[in-house]
Amino acid sequence: MSRIKQRFADLKSANRKALIPYITAGDPQPGTTVPLMHAMVAAGADLIELGVPFSDPMADGPVIQAACERALEHHVTLHNVLDMVREFRQTDTDTPVILMGYLNPIEVWGYSDFSQAAAAAGIDGVLTVDLPPEEAGEFTAAMRDAAIDTIFLLSPTSDGNRMDKVSQLASGFIYYVSFKGVTGANRLDVTAVADKLADLRKHTDLPVGVGFGIRDAETAGQVAAVADAVVVGSVLVKQIADLVDQPDSIPATLAATVAELRSGVDSPA
Amino acid sequence: MTQATAESASQENYPDERGHFGPYGGRFVAETLMLPLDELNQAYRKYMKDPEFLAELDEDLAQFVGRPSPLYLAARWSEQVGGARIYLKREDLNHTGAHKINNTVGQALLAKRMGKTRIIAETGAGQHGVASATVAARLGMECVVYMGAEDIKRQAINVYRMRMLGAEVVSVKSGSKTLKDALNEALRDWVTNVDNTFYIIGTVAGPHPYPVMVRDFQTVIGRETRQQIMQAEGRLPDALVACVGGGSNAIGLFHPFIDDPSVAFYGVEGGGDGVETGRHAAPLCAGSSGVLHGNRTYLMEDSDGQISETHSISAGLDYPGVGPEHAWLKDTGRASYVAITDTEALDAFHGLTRTEGIIPALESSHALAYAGKLAATLGKDKIIVVNLSGRGDKDIHTIADLDGIKI
């Protein structure tokens with residue numbers, strides 16, 4: 001059983017929902033990432049979504065764009081990101097790690113070579129924002145061979161037909177984008193999300209995570225009431241941006257926020 | 001990519017239903033845009049078969065754009081460069097001064113039919129932005145144009161034109177602050193406002209159906225050229241030459257000749273300081289395959305798949321990708337792609353201006369420069385057609401700066 005599947009199974013039997021914080025790898029500098037991952041796990045993260053910096057993050061708002069730019073100033077590559085996960089795995093062999101990013105760095109590496117290297121580094125799942133199921137056949141096959149879960153997006157514009165397409169290729173969980181827009185926007189409509197998720201459950205048995213627009217314990221709790229996992233990104237990355245000059249204080253500050261979000265997720269409203 | 005050469009013969013079957021030209025093209029976007037792109041594709045398929053729509057498009061191209069554009073024999077300039085006779089397809093004489101309007105007129109009609117009330121566009125040199133703002137003004141639609149902060153600096157005249165036409169010009173300050181970043185920002189707007197917004201992409205790139213749709217709107221260039229050269233010379237040309245940024249003016253000229261093997265195609269990329277310096281905008285000459293802005297194509301990228309910054313004197317060529325059909329035409333060998341440096345383009349700019357009384361856009365000057373080189377190797381019995389894709393008024397400040405003149 002994959003680490004992601006195991007984690008969702010354990011949470012389900014404990015009647016809990018997953019909290020998945022997102023950070024961009026190498027932001028604001030490469031040395032920050034691994035200690036920060038450990039701090040977030042200690043504060044209650046169930047899975048970690050690690051952003052792979054990309055020069056053209058088309059689906060991201062200004063907060064995560066800036067994070068990519070900070071990481072790229074340090075020339076953080078996909079190879080470096082795998083090294084970070086390898087280091088993280090030296091002391092944490094349980095917490096699933098998902099890479100989130102854009103296709104091109106993986107495309108240039110080569111699907112098969114990348115998937116083997118990623119699996120060896122201890123990566124459990126990959127989410128490529130600009131790879132819809134229609135183009136993902138070869139990619140998904142390569143990830144399967146390396147036992148890496150492929151996480152796909154669904155959104156408010158996805159109809160039943162698209163839900164089926166995604167369900168057939170997805171493994172680990174499905175990531176539902178809560179609104180039409182980019183990361184970091186403030187447009188969450190929990191009622192609309194609940195309606196769409198009810199529909200989605202008819203098309204898949206996979207756990208469903210919801211991301212985009214979750215900014216505090218309250219919204220985390222509202223989403224946890226209807227989803228299996230709550231993904232929080234821009235709020236955390238914004239805190240990193242505010243602490244660029246004091247990188248040593250980043251793990252503790254974000255841990256405090258993750259703990260707050262945890263309490264929200266654990267009291268679904 | 002390797003199988004490309006074996007399959008080349010006719011291009012008529014490309015792209016496939018999902019927008020693939022061999023391994024290139026496709027639809028690489030976030031989930032939210034997948035259904036809207038399906039809807040766009042269906043509308044485009046439907047209306048391109050609708051006699052009423054096509055009649056309205058033809059009427060607009062004739063009465064608003066001013067088509068057909070002349071095919072002009074540049075006799076004095078041909079004489080100067082020596083060798084083959086060079087004809088210029090005068091897209092610079094279109095309303096708004098470039099070929100871009102052929103496409104925006106078409107997409108705007110489609111936007112209206114689809115019930116959209118807001119138009120967005122990206123722009124590099126500003127020509128596509130102006131052409132989009134123009135059709136939006138004419139149809140009474142809201143228009144937002146995304147433009148890199150660097151390009152806003154070097155294309156001040158076009159920025160002012162867009163604002164006069166009622167468009168909001170948004171300065172894009174992320175990344176390299178040029179066309180690719182403007183495209184990123186336009187995609188972010190579209191994903192947010194997709195319900196009421198039509199995104200007019202200005203070139204034959206982006207997710208399916210844009211590369212094929214923009215091609216279809218631009219092939220009026222090649223269809224007219226074919227008729228005009230038959231009338232003037234009684235035969236097809238030996239070579240077609242066009243500049244390639246995203247590649248819409250080139251595809252527009254080339255495509256109606258695709259099954260005429262005697263007609264050679266030359267796409268001319270922005271060579272910047274020279275391809276060997278690394279400071280250029282020539283992905284087909286010196287790039288590699290990758291995925292950006294919704295399609296797989298040749299890109300300028302580093303070994304980690306990060307998109308490289310490009311350099312060209314011409315804002316309209318300053319783009320790290322290229323339309324997927326060009327990638328395919330390169331691999332199949334149907335078209336040749338070459339690069340012209342900033343300096344060579346400037347020489348051609350001045351050469352044409354002085355011998356023919358035509359001031360070409362810096363983009364088109366790249367095509368002229370290569371055509372001049374090519375003509376010199378051919379006899380006077382050979383015919384070359386160059387797509388003079390735009391006029392140079394917008395570049396006057398760039399040229400004046402280089403000459404040390406303040407205007």
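**Figure 1. Pairing of β12 and β13 in chain B.** In this predicted model, β12(B) and β13(B) (residues 294-299) run antiparallel and are joined by five bridges. Strands here are DSSP runs of E with at least two residues, and helices are runs of H or I with at least four residues, both numbered from the N terminus; two strands pair if DSSP finds at least two bridges between them. B:Ser288 lies opposite B:Leu299 of β13(B). The two strands belong to an open, antiparallel sheet of four strands in chain B, ordered β1-β2-β13-β12. β1 (20-21) and β12 (288-292) of chain B are the edge strands; each has a single partner, so one side of each has no neighbour in the sheet.

**Figure 2. The loop at B:His293.** B:His293 sits in the loop between β12 and β13 of chain B. Its phi is positive, about 55 degrees, although the residue is not a glycine. Most residues other than glycine have a negative phi. B:His293 counts as buried because its relative accessibility is 2%. Buried means under 20% relative accessible area, exposed over 50%, and partly exposed in between, with a 1.4 Å probe and protein chains only.

**Figure 3. The loop at A:His75.** A:His75 is placed in the loop between α3 (62-73) and α4 (78-89) of chain A. This residue, not a glycine, also has a positive phi of about 55 degrees. With 64% relative accessibility, A:His75 counts as exposed.

**Figure 4. Two cis peptide bonds.** Most peptide bonds are trans. The bond from A:Asp27 to A:Pro28 is cis, with omega near -5 degrees, and A:Pro28 lies in the loop between β1 (18-24) and α2 (33-42) of chain A. B:Pro68 is in the loop between α3 (51-65) and β3 (71-73) of chain B.

Figure 5. Chain A contains twelve helices and nine strands. Buried residues account for 62% of its 269 residues. The C-alpha atoms of chain A fill a box of roughly 45 × 40 × 35 Å along the principal axes.

**Notes.** Residues are numbered from 1 along each chain as its sequence is written, and chains are lettered from A and ligands numbered from 1 in the order in which they are written. Local features need pLDDT of at least 70, side-chain atom pairs count only at pLDDT 80 or more, totals for chains, interfaces and linings use all residues, and side-chain values use heavy atoms, with hydrogens and water left out.
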